[in-house]
Amino acid sequence: MKRPRRLSQIIALAWALLPCAAWAQAPGNQGQENWGAPEIVEVQAKPGPAVWHLTRGDSEVWILGTVGAMPDGLKWNKDYLAELLDGARAIVMPPRPSIGLFEGAWFLLTNGSKFSLPRGQSLEATLPAGIEPRFAAIREKLGRDVEHYRTDTPLRAALRIQEDVQDKLDLSRDEPRDTIRRLASSKHVPSAPVAKYEVLDAARDVLKLTPEQQQVCLGQSVDDADWDLSHAKAAADAWTVGDIRAVKANYGESRLANCVIAAVHSVADIAERDAADYTAAINDALDKPGKTIAVIDIGPLLRKNGVLERLEALHVTIEGPAE
């Protein structure tokens with residue numbers, strides 16, 4: 001069943017404010033320049049997605065890095081993950097936005113109109129010369145006509161481009177998380193998000209961006225989409241076989257996310273909390289006997305000052321795949 005348009009707008013904005021959900025890839029070497037270089041004991045990995053093994057005393061944490069939205073029906077080795085789950089005490093999953101039913105309804109009532117242009121205006125007619133032709137080109141690549149985005153604000157169009165790329169490439173944001181949850185449930189391993197973030201205040205701040213600021217972010221979203229159309233599937237394919245070098249070559253931080261983070265302090269705070277919360281959760285798990293599994297997006301995991309570099313600073317022993 002399709003969600004009402006404005007409800008889907010709010011959901012898309014809420015997810016976009018979580019760094020782990022920023023699935024778009026950055027063009028060129030922009031993402032690669034931000035990769036960290038923690039000291040990792042390289043080990044021969046089993047066939048399948050890459051995992052990192054962290055130890056302290058009798059405690060261990062296995063980290064599965066993910067690459068955001070993946071092609072629906074993508075084949076990957078689930079058996080190795082099922083083996084890792086044997087005897088695990090818990091799974092730490094990516095963060096989720098926390099939106100209550102009443103809060104979401106009130107946000108929709110008071111802010112829903114901010115996703116649409118004033119009556120009589122059309123998106124492409126309001127775009128500056130540096131953005132309009134690029135936007136029109138990506139729209140055509142996505143098979144969308146002018147009417148599809150006509151009444152959208154630049155911010156809403158930026159978010160909707162992400163959704164349309166997912167539709168075009170048949171990408172799903174639910175995998176591999178749904179598979180991991182099913183496997184955990186079958187083995188009676190409890191799972192929970194590393195944190196639930198209150199995002200509506202940040203969403204309100206984002207909606208206060210000026211038209212000019214929104215247009216800049218729309219341009220960044222166009223760049224993300226253009227890159228993804230050529231690289232998103234390659235990143236997912238590399239993920240299935242644990243080819244970290246190829247993952248890095250086809251993956252990076254979302255330019256749209258970076259644009260919003262640069263403009264809105266409350267969103268930057270969420271981005272910082274993401275890495276800090278993961279680091280604290282894994283460090284805490286390493287103080288408890290037994291095995292814990294953590295699922296983290298490759299970006300927050302491997303970038304400079306990311307989760308692995310922060311854990312290395314806490315003198316955690318890290319084993320991982322060779323590049």
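**Strand 10 and its partners**

How many bridges join strand 5 to strand 10, and do the two run parallel or antiparallel? Strand 5 (residues 88-93) is joined to strand 10 by 4 bridges, and the two run parallel. Within that pairing, A90 has T292 of strand 10 as its bridge partner. Strand 3 also pairs with strand 10 in the parallel sense, over 8 bridges. There, L64 has V295 of strand 10 as its bridge partner. Two strands count as paired here if DSSP finds at least two bridges between them. Helices (H or I, at least four residues) and strands (E, at least two) are DSSP runs, numbered from the N terminus.

A word on where this comes from: the model is predicted, with local features needing pLDDT of at least 70 and side-chain atom pairs counting only at pLDDT 80 or more, while totals for chains, interfaces and linings use all residues. Residues are numbered from 1 along each chain as its sequence is written, and side-chain values use heavy atoms, leaving out hydrogens and water.

Strand 10 is largely enclosed by the rest of the structure, because 7 of its 8 residues are buried. Buried means under 20% relative accessible area, exposed means over 50%, and partly exposed is in between (1.4 Å probe, protein chains only).

**T66, at the end of strand 3**

T66 lies in strand 3 (residues 59-66). T66 counts as buried, at 6% relative accessibility. Setting aside neighbours within four places in sequence, T66 is in contact with P176, W239, V295, I296, D297 and I298. Contact here means heavy atoms within 4.5 Å.

**The core and F135**

The largest nonpolar core has 85 residues. Those with the most contacts inside it are W52, L54, I63, I91, F135, I161 and I282. Helix 10 (residues 211-240) supplies the largest share of this core, 8 residues. A nonpolar core is a set of buried Ala, Val, Leu, Ile, Met, Phe, Trp, Tyr and Cys residues joined through side-chain atoms within 4.5 Å.

F135 is worth a click. F135 is buried, with a relative accessible area of 0%. Not counting residues up to four places away in sequence, F135 touches L123, E124, L127, Y149, A157, I161, L218 and V222.

**Aromatic pairs**

The model has 3 aromatic pairs. The rings of F135 and Y149 pair edge-to-face, because their centres are 5.1 Å apart and their planes sit at 70 degrees. F135 lies in helix 5 (residues 132-141) and Y149 in helix 6 (residues 146-149), so the pair ties together parts that are 14 residues apart in sequence. Y149 counts as buried too, at 1% relative accessibility.

For the cut-offs: rings of Phe, Tyr and Trp (its six-membered ring) pair if their centres lie within 6.5 Å, with planes under 30 degrees apart counted as stacked, over 60 as edge-to-face and the rest as tilted.

**Helix 7**

Helix 7 (residues 154-169) has 16 residues and reaches 23 Å from its first C-alpha to its last, close to the 22 Å expected at 1.5 Å a residue. The expected span is 1.5 Å times one less than the number of residues. Since 13 of its 16 residues are buried, helix 7 is largely enclosed by the rest of the structure. Just after the helix, D170 takes a positive phi of about 55 degrees.

**Salt bridges**

There are 15 salt bridges in the model, each being a side-chain nitrogen of Lys or Arg within 4 Å of a carboxyl oxygen of Asp or Glu. One of them joins D287 to R56, with the closest N and O atoms 2.8 Å apart. This pair links distant parts of the chain, 231 residues apart: D287 is in the loop between helix 13 (265-285) and strand 10 (290-297), and R56 is in strand 2 (residues 51-56). D287 counts as exposed at 54% relative accessibility, while R56 counts as partly exposed at 24%.

R181 and D178 also form a salt bridge, their closest N and O atoms being 3.3 Å apart. These two are 3 residues apart in helix 8 (residues 177-186), so about one helical turn separates them. R181 is partly exposed at 30% relative accessibility, and D178 is partly exposed at 27%. The side chains of D284 and K288 meet in a salt bridge as well (3.1 Å, N to O). R134, D223 and R255 are linked in a network of salt bridges.
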